[in-house]
Amino acid sequence: PTCHCPDTMIISKKNRLTTYKFLFNEGVLVAKKDKTLAEHESLPGVSNLQVLKLMQSLRSRELVRETFSWQYYYYYLTDEGIDYLREYLALPSTVAPETTKKPASTARPTRGAGGDRFNKREGGRPDFKRRDDGYRRDTGGFGRGRA
């Protein structure tokens, strides 16, 4: 049983550039563990097998970090991978992946005076240990009970 499989896979430059551009722009790439998919979910015109093989190549050179969960591969660019793709795609050093950009800070909701979640003037937090409706009137937890 000899395998007549080639050692390397020939991937067109167009597909390689499409994949690398997507990976660089997003900073991450998700690929389903299905080598028979005709097309990758996020990259039209590129087969899933080609994406998996390109990522395998980048992973072996430690340019991406791989995580596998629930039949999906997750590839994250490393700092070396960012430098490599920036050079390969001939991009200026000012361009960076989305994952490295800091999100615009959104205003956090402010808390009331004193910093508590519950307003002390309106009764504050309900005290659930003191109930006057007869529920669990006698204290104590689980055990043998009263004799």
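## Getting to know this chain

Glu-62 is exposed, with a relative accessible area of 61%. You'll find Glu-62 in the loop between α2 and β2 (64–69). Although Glu-62 is not a glycine, its phi is positive, at about 60°. Keep in mind that what you're looking at is a predicted model.

Ala-90 sits in the segment after α3, and its phi is near 55°, a positive value in a residue other than glycine. With 66% relative accessibility, Ala-90 counts as exposed.

Now for the overall layout. The chain has three helices and three strands, and going along the sequence they come in the pattern α-β-α-β-β-α. Of the 147 residues in the chain, 22% are buried. Take the contacts between residues at least 6 apart in sequence: 50% of those join residues at least 24 apart.

Two packed helices are described by the angle between their axes and the distance between the axes. Here are the values for each pair:

| Helix pair | Angle | Axis distance |
|---|---|---|
| α1 and α2 | about 65° | 11 Å |
| α1 and α3 | about 135° | 10 Å |

How are α1 and α2 oriented to each other? An angle of 65 to 115 degrees counts as roughly perpendicular, and α1 and α2 are therefore roughly perpendicular to each other. The crossing of α1 past α2 is right-handed. On the α1 side, the residues that meet α2 are Asn-15, Arg-16, Thr-19, Tyr-20 and Leu-23. Their partners in α2 are Gln-50, Val-51, Leu-54, Met-55 and Leu-58. Sorted by class, this contact of α1 with α2 has six nonpolar residues, three polar ones and one charged.

The pairing of α1 with α3 comes out as oblique, and here α1 passes α3 in a left-handed crossing. From α1, the contact draws on Arg-16, Leu-17, Tyr-20, Leu-23 and Phe-24; from α3, it draws on Ile-82, Leu-85, Arg-86 and Tyr-88. By class, the residues of the contact of α1 with α3 are seven nonpolar, no polar and two charged.

Which residues of α3 are buried? In this helix, which spans residues 79–88, they are Gly-81, Ile-82, Leu-85 and Arg-86. These four lie on the same side of α3, because they cover an arc of only 130° around the axis. Asp-79 and Glu-87, on the other side of α3, are exposed. And what covers the buried residues? The cover includes α1 (13–26) and β3 (72–77). Past the end of this helix comes Ala-90, with the positive phi mentioned above.

One last stop is Thr-18, back in helix α1. Pro-44 is 26 residues away from Thr-18 along the chain, and the C-alpha atoms of the two are separated by 9.2 Å.

Definitions and conventions. Residues are numbered from 1 along each chain as its sequence is written. This is a predicted model: local features need pLDDT of at least 70, side-chain atom pairs count only at pLDDT 80 or more; totals for chains, interfaces and linings use all residues. Side-chain values use heavy atoms; hydrogens and water are left out. Buried means under 20% relative accessible area, exposed over 50%, partly exposed in between (1.4 Å probe, protein chains only). Helices (H or I, at least four residues) and strands (E, at least two) are DSSP runs, numbered from the N terminus. The arc is that of the directions from the helix axis to the C-beta atoms. Contact means heavy atoms within 4.5 Å. Axes are lines fitted to C-alpha atoms, for helices over the stretch in contact, and angles run from 0 to 180 degrees between N-to-C directions. Angles under 35 degrees count as roughly parallel, over 145 as roughly antiparallel, 65 to 115 as roughly perpendicular and the rest as oblique. A crossing is left-handed if the near helix is turned anticlockwise from the far one by less than a right angle, and right-handed if clockwise. Ala, Val, Leu, Ile, Met, Phe, Trp, Tyr, Cys and Pro count as nonpolar, Asp, Glu, Lys and Arg as charged, and the others, Gly among them, as polar.
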